[in-house]
Amino acid sequence: MIAANKFLFIEQALEQRNQAHQLRGMYPFEPQNTVQGVRGDRQLINFSSNDYLGLSKHPLLIEMAQDYTQKYGTGATASRLVTGTYSIHQNLEQQLAESCGYEAALLFNSGFQANSTILPTLLDRSSLVLCDRLVHNSLLQGIQASRARFIRYRHNDLQHLETLLVQSAEKSYSRILIVSETVFSMDGDRSDIDALVQLAQSHNAILYLDDAHAFGVLGKTGMGLAADRAGIDIVINTFGKAFGTFGAFVACSQQVRDYLVNYCPGFIYTTSLPPAVIGAITAALNLVPTLESERHYLTQQATNLRVELQRLNYNTGQSNSQIVPLILGSEEKTLHLSQWLEARGVLAIAIRPPTVAAGTARLRFALSSQHTPQHLDQLISLIREWHESQS
Ligand SMILES: Cc1ncc(COP(=O)(O)O)c(C=O)c1O
């Protein structure tokens, strides 16, 4: 029976989140530069953005975004298959494919959109998907929408994956897809790409990797961990993180690209990325290979932060990238530390279930090459102070 209050389910769902200290909200943050901004009346050092190289405010990206806007206008005015493919879209796709060492590349309007629409296009009800337990929600959305049989293997446990692959041989699936991230977004640890390639090849599975947090930061010339590697069938990269702009692309074979152009709804039925965004991405693509010393510095800073947190006996998981989690477990404690830091000039957003697994609430420090050693010192000494206040 329909309840008298037809929005009772919303009231109850929100109350449930509230009771569990999991209610989410948005609080305006005005950026002043790539690592600092103002929230309320407080100036904060931002340790929560994914602007890993500080490119979001780089003059070359801004200039090219402005230049393309002047030349082509503010909107691409149609979908790609209608009149929304300009030469700037095509040139960028070609340059992306070459830079990553893949036959072809295809732009998408966001990483979320790419994952949630490409996966159902590749799968059917008779397919099997084996995916890492900690993959991003956009990948789960795509998998669930496909209605394929879906099993999650234990995080980075490739023996578990192999067991599932062996078991799958007894069934007659139309195809098998293995899905993982290369750098996990909330843990900052990495998957073993060589082993995934080997498993995919020996079981004739399609390997689908999301390289969002490595793109720009890791790999040869910063093109990600999946660049220039044989045996990976489909790679998703996003521009909203180290590239400092917006959008995403898939790197794949020409045949897969042709298939997506013909069958992928999230590619076909949406307005093409606007010229300003294409301009900023193009500028970033020219710039990123030159930022080797920034990448080196970023890696070093992340190592320093992990060492300091571990010295205080904090759990930083298996982090091995610019993403450093401080896993406290309890939502309340995590929120307390986040608010305590904010009151002292440091912004580090609490990440709670359901974004992460129950019992693993954390602060996720996302470092940028623009954070100075003083910024890191400030963060570390504040955490030390909080730590002492707790004992
Ligand atoms: C692993 C991963 N894939 C995809 C996305 C979505 O990308 P976008 O922000 O471009 O939608 C994110 C980030 O939110 C992510 O962390």
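Student: What makes up the shell around the ligand, by class?

Tutor: This is a predicted model. The shell has three nonpolar, eight polar and two charged residues. Gly counts as polar under the scheme used.

Student: Which residues come nearest to the ligand?

Tutor: The shell holds 13 residues. Ser-110, Gly-111, Phe-112, His-136 and Ser-185 come nearest. Helix H4, residues 111-122, gives the largest share of the shell, with three residues.

Student: Why is H4 called roughly parallel to H5?

Tutor: Start with the angle. The axes of H4 and H5 (residues 137-146) cross at roughly 25 degrees. They come within 7 Å. Angles under 35 degrees count as roughly parallel. Therefore H4 is roughly parallel to H5.

Student: Which residues of H4 and H5 meet?

Tutor: On the H4 side, Gly-111, Phe-112 and Asn-115 are among them. On the H5 side, they include Ser-138, Leu-139 and Gln-141. By class, the contact has seven nonpolar, eight polar and no charged residues. The crossing of H4 past H5 is right-handed.

Student: How is the protein divided into domains?

Tutor: Domain 1 covers 26-53 + 291-390, and domain 2 covers 58-289. Their centres, taken over C-alpha atoms, are 27 Å apart. The contact takes 20 residues from domain 1 and 16 residues from domain 2.

Student: What gives the most to the side of domain 1 that touches domain 2?

Tutor: Strand S11 (323-329) does, with three residues. Helix H11 (292-311) and S11 each supply at least two. By class, that side of domain 1 has nine nonpolar, eight polar and three charged residues.

Notes:
Residues numbered from 1 in each chain as written. Predicted model: local features only at pLDDT ≥ 70, side-chain atom pairs only at ≥ 80, totals over all residues. Near = placed C-beta within 6 Å. Helix = DSSP H or I, 4+ residues; strand = E, 2+ residues; numbered from the N terminus. Axes fitted to C-alpha atoms, helices over the stretch in contact; angles between N-to-C directions. Parallel < 35°, antiparallel > 145°, perpendicular 65-115°, else oblique. Left-handed = near helix turned anticlockwise from the far one by under 90°. Contact = placed C-beta atoms within 7 Å. Domains from an automatic or database assignment.
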